Amino acid sequence: MVVLQPDPFLNELTSMFEHSTENGSVWVTLKRSSMKSKVKRNKMKSAGEVIEYRCLIRATDGKKTISTSVGAKDHQRFQASYATILKAHMTALKKRERKDKRKSAEADKKQEGSKKRSSAAKASV
Amino acid sequence: MVYITSWDDFAERSIQLFRADPESTRYVMKYRHCDGKLVLKVTDNRECLKFKSDQAQDAKKMEKLNNIFFTLMARGPEVDTSEVAGKEQMEQPAKKGRGRKQ
């Protein structure tokens, strides 16, 4: 597993999302971690040292795993960029169901049209 | 293992699970673009809470939960998360303030 700085991690995550549009999934895990081994943690505990925790972020597409960590000072900037990436790539989710059936039917047609266009574009590439 | 259907129930229970054991609880998000599906999982390796959706509005709710978990994990489980949503709103006018300095 590669531990990256937050910004390169976000770039890699973006490319994972871009490469998994036709098939495959992306997993992102958040975990509170001290980034130290259990042995070291135990030593620190017995020495009475304060163990510092960070938020460990791991991402995988099933082939490759990347990770990074953010602390109390820099997590807000990271979570804002992360939210932007998710918003930009989670485009396959359904919009709220409309009460007006005619409108939703039109929207479906539009979606189909754009799908065809995008798949045609991909085929030509 | 059953999916929790209510978002509020899932969010509340997952935060409780994390607070009960911060060191072994993880929060996983799985997104499958080709099927348009989103699955969230919170587990401490004993109990497992899952939520799935194909709705864009749930992605917005997830963003808030992401922020709560980032805050809890980076700052500590004692931190009050009730102000997490409020902070974002406060940041925006602050940014405007910086822009006006000409």
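These notebook entries record what I looked up in a predicted model with chains A and B.

Entry 1. I began with the strands. I found that 7 strands form an open sheet, in the order β1(A)-β4(A)-β3(A)-β2(A)-β1(B)-β2(B)-β3(B), and that the pairing is mixed. I then looked at the edges, where β1 of chain A and β3 (48-53) of chain B stand. Each of these two has a single partner strand, so one side of each is left without a neighbour in the sheet.

**Entry 2. Pairing within chain A.** I next examined strand β3 (residues 54-60) and strand β4 (residues 65-70) of chain A, which pair in the antiparallel sense over 6 bridges. Within this pair, I57(A) faces T68(A) of β4(A). I also noted what lies on the sheet: helix α1 (residues 6-19) of chain A packs there and touches β2, β3 and β4 of chain A. The direction of this helix makes about 140° with that of β4(A).

**Entry 3. Where the chains join.** Which strand of chain A is joined to β1(B) by 6 bridges? I found strand β2 (residues 26-33) of chain A, and the two strands run antiparallel.

**Entry 4. The contact between the chains.** I looked up the residues that take part and recorded 29 from chain A and 28 from chain B. On the side of chain B that touches chain A, the elements that give two or more residues are β1 (26-32) and α2 (56-75) of chain B. Of the elements there, α2(B) gives the most, with 12 residues. I sorted this side of chain B by class and noted 13 nonpolar, 8 polar and 7 charged residues.

**Entry 5. Helix α2 of chain A.** Is this helix well covered or hardly covered? I found that helix α2 (residues 38-46) of chain A is hardly covered, since 0 of its 9 residues count as buried. Just after α2(A), I noted that G48(A) takes a positive phi of about 80°.

Entry 6. I finished with M1(A), which lies in the segment before β1 (2-3) of chain A. Why does M1(A) count as exposed? I counted 9 other C-beta atoms within 10 Å of M1(A), and a residue is exposed if that number is 12 or fewer. Leaving aside residues up to four places away in sequence, M1(A) touches T65(A) and S67(A). M1(A) and T65(A) are 64 residues apart in sequence, yet their C-alpha atoms are 5.7 Å apart in space.

Terms used: Residues are numbered from 1 along each chain as its sequence is written. Chains are lettered from A and ligands numbered from 1 in the order in which they are written. This is a predicted model: local features need pLDDT of at least 70, side-chain atom pairs count only at pLDDT 80 or more; totals for chains, interfaces and linings use all residues. Two residues are in contact if their C-beta atoms, placed from the backbone, lie within 7 Å. Helices (H or I, at least four residues) and strands (E, at least two) are DSSP runs, numbered from the N terminus. Ala, Val, Leu, Ile, Met, Phe, Trp, Tyr, Cys and Pro count as nonpolar, Asp, Glu, Lys and Arg as charged, and the others, Gly among them, as polar. Two strands pair if DSSP finds at least two bridges between them. A residue is buried if 20 or more other C-beta atoms lie within 10 Å of its own, exposed if 12 or fewer, and partly exposed in between; C-beta atoms are placed from the backbone. Axes are lines fitted to C-alpha atoms, for helices over the stretch in contact, and angles run from 0 to 180 degrees between N-to-C directions.
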